[in-house]
Amino acid sequence: QVQLVESGGGLVQAGGSLRLSCAASGRTDSSGDMNWFREVPGKEREFVASINRRGSTFYADSVKGRFTISRDNAKNTLDLQMNRLKPEDTAVYYCNILIPGQGYYWGQGTQVTVSS
């Protein structure tokens, strides 16, 4: 029973910044990678960034150098700092966590809109 609650989405001008947060609750002791995905209407959900429990990170080329993913294992939180935002970053952003032996869990998504 894992629940993910996202926050921090909103409207921002191109070149601005937003910080997304995801709070995880439930049975997360054995959690593996935590991830951010995003989805635009009419397109497939795409990978944004990943971080394992030890702090190793991986980014999609489209956000590398602009976004930073981080996690706090004590607080069971996941964050995504988004800088130098572009209109093409506009999407619904989803938090995701892998629980080995149980599968993946998803948040409900938070809207990020970047105006030009």
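Leaving aside its neighbours within four places in sequence, which residues is Tyr93 in contact with? Counting as contact any heavy atoms within 4.5 Å, Tyr93 touches Glu6, Leu20, Trp36, Phe37, Arg38, Val48, Phe67, Leu80, Met82, Gly109, Thr110 and Val112. This is a predicted model, in which local features need pLDDT of at least 70 and side-chain atom pairs count only at pLDDT 80 or more, while totals for chains, interfaces and linings use all residues. Residues are numbered from 1 along each chain as its sequence is written, and side-chain values use heavy atoms, with hydrogens and water left out.

Tyr93 also belongs to the largest nonpolar core, a set of 28 residues in which Trp36, Leu80, Met82 and Tyr93 touch the most other members. Such a core is made of buried Ala, Val, Leu, Ile, Met, Phe, Trp, Tyr and Cys residues joined through side-chain atoms within 4.5 Å. Among the elements that give two or more residues to this core are β1 (2-7), β3 (18-26), β4 (34-39) and β9 (91-99), strands here being DSSP runs of E with at least two residues, numbered from the N terminus. The most comes from β9, with five residues.

The structure also holds one disulfide, that is, a pair of cysteine sulfur atoms within 2.5 Å. Cys22 and Cys95 form this link, with their sulfur atoms 2.1 Å apart, and it joins distant parts of the chain, since Cys22 lies in strand β3 and Cys95 in strand β9, 73 residues apart. The angle about the S-S bond is -80°, and the link of Cys22 and Cys95 is left-handed. Cys22 counts as buried because its relative accessibility is 1%, and Cys95 counts as buried because its value is 0%, where buried means under 20% relative accessible area, exposed over 50% and partly exposed in between (1.4 Å probe, protein chains only).

Methods
Helix = DSSP H or I, 4+ residues; strand = E, 2+ residues; numbered from the N terminus.
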